[in-house]
Every structure is written in structure tokens, then in C-alpha cells.
Amino acid sequence: MQDLGHARHRGNKCFFLVRVNRALGAEDPDVLIGRLVPLEDDLARAIRERARELDSPWLFPSSHGSHLTEAHLGKLVARHLARDLTTHTLRHRCGTVAYAGTRDLRAVQELLGHAKPETTMLYTAIPDQDIRAAMLAAA
């Protein structure tokens, strides 16, 4: 991530412009793609403090002066997860929980950075009780 010093505030939420150096399907891996990511105020403060300590534009710097790759960061995180979890399954869980809490597919689409709502639909599991409620409503 880059540009951690560029916080924007909307109401009581803090938004950071986070640059991702490559997105899935990007034709040119060197193209920087930026998007706003909402953070709780405490997390935003912790990230800002960490960025000042590092004196680096990268939240996860490598020993080579650039940044950790997505794959390497995923391996580091995986060491602390249960065996059946990965960073990608956590992303799916985030989409599912966000959708369950808001029922707003477009908001979840923006949160996950998907270009199409159809992609976001793949990231959101519908609870069995919701399917049952739909059946009972139709009966």
C-alpha cells in the first residue's frame, strides 16, 4: 500500500487512498490502481503511526526497499490462520459479512474493488435461513 498519509474524513470514518500495484486481470502489472478503503479510526491511526515509524511509502516494506509481494504477504498471514483459511477465504468472508450487515451489493462491490456486481455475488454467501425465508414468503 502507498500514500498512507492522504487521509480523507467523511463523518466519523477515515478513508485512506490505498494504491494497489496490480489487480487481478490487469494487463500491465506496473499500472498503479488506487481506490478508497474505509478504516476504523483506531486502525487508521495505527497505520499512520506505523508509516511514520517506517519512513517508507509502503505499509509492508521488503528488505529490498520496495514492498512485499501479495504472495509473500499471504504466506506471512497464513502462518497465523487456521489451516482451512487463506487470505482469499477471508476476503470471501468479508464480502459475506458485509453483505449480510448491509444488504447493499453495490457497497460491498466498492469495498472489495470489483468492477462488476456479478463478481461480488460470487464473494457473498447467502445464509440458509435467508433462502428458507424466501421460500416461505413465496409459499
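Me: In what order do the elements of the protein run from the N terminus on?

Reply: Helices (H or I, at least four residues) and strands (E, at least two) are DSSP runs, numbered from the N terminus. Here the order is β-β-β-α-α-α-α-α-α, which comprises six helices and three strands. Please note that this is a predicted model, in which local features need pLDDT of at least 70 and side-chain atom pairs count only at pLDDT 80 or more, whereas totals for chains, interfaces and linings use all residues. Residues are numbered from 1 along each chain as its sequence is written, and side-chain values use heavy atoms, with hydrogens and water left out.

Me: What share of the residues in the protein is buried?

Reply: A residue is buried under 20% relative accessible area, exposed over 50%, and partly exposed in between (1.4 Å probe, protein chains only). Of the 139 residues in the protein, 19% are buried. The protein exposes about 10,100 Å², and carbon and sulfur atoms supply 56% of that area. Accessible areas come from the Shrake-Rupley method with a 1.4 Å probe; for residues, only the protein chains shown count as cover.

Me: Which residues are buried in helix 4?

Reply: They are Val108, Gln109 and Leu112. Seen down the axis of helix 4, the buried residues fall within an arc of 105°, so they line one face of the helix. The arc is that of the directions from the helix axis to the C-beta atoms.

Me: Is Gln109 buried or exposed, and why?

Reply: Gln109 counts as buried because its relative accessibility is 4%. The residue lies in helix 4, which spans residues 105–112. Contact means heavy atoms within 4.5 Å. Leaving aside neighbours within four places in sequence, Gln109 is in contact with His114, Ala115, Lys116, Pro117 and Thr120.

Me: What is found at the start of helix 4, and what just after it?

Reply: At the start of helix 4, a side-chain oxygen of Asp104 comes within 3.2 Å of the backbone nitrogen of Arg106. Just after the helix, Gly113 takes a positive phi of about 75°.

Me: How many salt bridges does the structure hold?

Reply: Side chains of opposite charge can pair when their charged atoms come close. A salt bridge is a side-chain nitrogen of Lys or Arg within 4 Å of a carboxyl oxygen of Asp or Glu. The structure holds four of them. One of these joins the side chains of Glu110 and Arg106 (3.5 Å, N to O). Because Glu110 and Arg106 are four residues apart in helix 4, about one helical turn separates them. Arg106 is partly exposed, at 47% relative accessible area.

Me: Which parts does the pair of Asp130 and Arg103 tie together?

Reply: The side chains of Asp130 and Arg103 meet in a salt bridge (2.2 Å, N to O). Asp130 lies in helix 6 (residues 128–138) and Arg103 in the loop between helix 3 (87–102) and helix 4, so the pair ties together parts that are 27 residues apart in sequence. Asp130 is partly exposed at 23% relative accessibility, and Arg103 is partly exposed with a relative accessible area of 43%.

Me: Where is Leu122 placed, and is Leu122 buried or exposed?

Reply: Leu122 is in helix 5 (residues 117–123). With 66% relative accessibility, Leu122 counts as exposed. The C-alpha atoms of Leu122 and Thr96 are separated by 9.5 Å, and these residues are 26 residues apart along the chain.

Notes: A polar contact is a pair of N or O atoms within 3.5 Å; within protein, one must be able to donate a hydrogen and the other to accept it, and residues adjacent in sequence count only if both atoms are side-chain atoms.
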